Amino acid sequence: MKINFRNERGITTVDALIAIILLTLFVGLIATLSYNVLAISTNAKRNAMANNYIVDFYEYVDKLKFEDVTEETLLKYINENEDTLITATNSNEINNLTSPYKLKINVENYMPSGQTVDNLVKIVSVSLNYKTGKKDNTIDIQRIKSK
């Protein structure tokens with residue numbers, strides 16, 4: 001008995017369409033996963049850089065004498081010694097700055113009610129704004145500097 005295999009040579013249009021659809025699905029899935037991994041790693045890098053800026057800033061504050069801890073001294077340090085990715089200010093115009101990391105510095109004397117001796121403790125407040133994608137992130141930290 002002879003069997004005719006003439007119709008089973010090569011692939012049919014249906015087979016080709018199924019293969020193309022499966023390939024498109026897998027490529028789309030891989031592209032989506034790759035994008036998500038990239039977005040998460042970029043977010044982690046930006047968060048790490050923001051934390052490093054704040055740690056470096058407070059390490060500098062710790063090295064200063066109590067009398068030298070002023071907004072002007074700290075702004076000068078940030079604007080002269082840090083890279084161009086960060087800009088510091090002590091005003092409320094922080095959103096008008098063009099750098100990706102915007103640092104707002106505030107130094108004030110701490111004097112609880114009933115205290116008669118002035119200028120023993122300063123509160124150094126830092127607010128660092130940055131974007132990750134379309135999301136605005138802010139890190140607010142306060143530390144004290146005492147005589």
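Analyst: Strands are DSSP runs of E with at least two residues, helices are runs of H or I with at least four, and both are numbered from the N terminus. This is a predicted model, where local features need pLDDT of at least 70, side-chain atom pairs count only at pLDDT 80 or more, and totals for chains, interfaces and linings use all residues. Residues are numbered from 1 along each chain as its sequence is written, and side-chain values use heavy atoms, without hydrogens and water.

User: What is the bridge partner of N109 in β3?

Analyst: That's K122. Strand β2 (residues 101-110) and β3 are joined by 9 bridges and run antiparallel. The cut-off is at least two bridges, so the two strands count as paired.

User: And how many bridges does β3 share with β4?

Analyst: There are 12, again in the antiparallel sense, with β4 covering residues 135-146. T132 stands opposite K135 in β4. The hairpin of β3 and β4 has 2 residues between the strands, and G133 takes a positive phi near 70° there.

User: Why is I21 called exposed?

Analyst: Exposed means over 50% relative accessible area, buried means under 20%, and partly exposed is in between (1.4 Å probe, protein chains only). I21 has 51% relative accessibility, so the label is exposed. You'll find I21 in helix α1 (residues 13-63).

User: Which residues of helix α2 are buried?

Analyst: In α2 (residues 71-81), they are E71, L74, L75, Y77 and I78. They sit on the same side of α2 because they cover an arc of only 160° around the axis, where the arc is that of the directions from the helix axis to the C-beta atoms. On the other side of α2, E72, K76, E80 and N81 are exposed.

User: What makes R143 and D62 a salt bridge?

Analyst: A salt bridge needs a side-chain nitrogen of Lys or Arg within 4 Å of a carboxyl oxygen of Asp or Glu. For R143 and D62 the N to O distance is 3.2 Å, so the pair qualifies. The two residues come from distant parts of the chain, 81 residues apart: R143 is in strand β4 and D62 in helix α1. A search of the whole structure finds 1 salt bridge.

User: Are R143 and D62 buried, exposed or partly exposed?

Analyst: R143 has a relative accessible area of 34%, so R143 is partly exposed. D62, at 42%, counts as partly exposed too.
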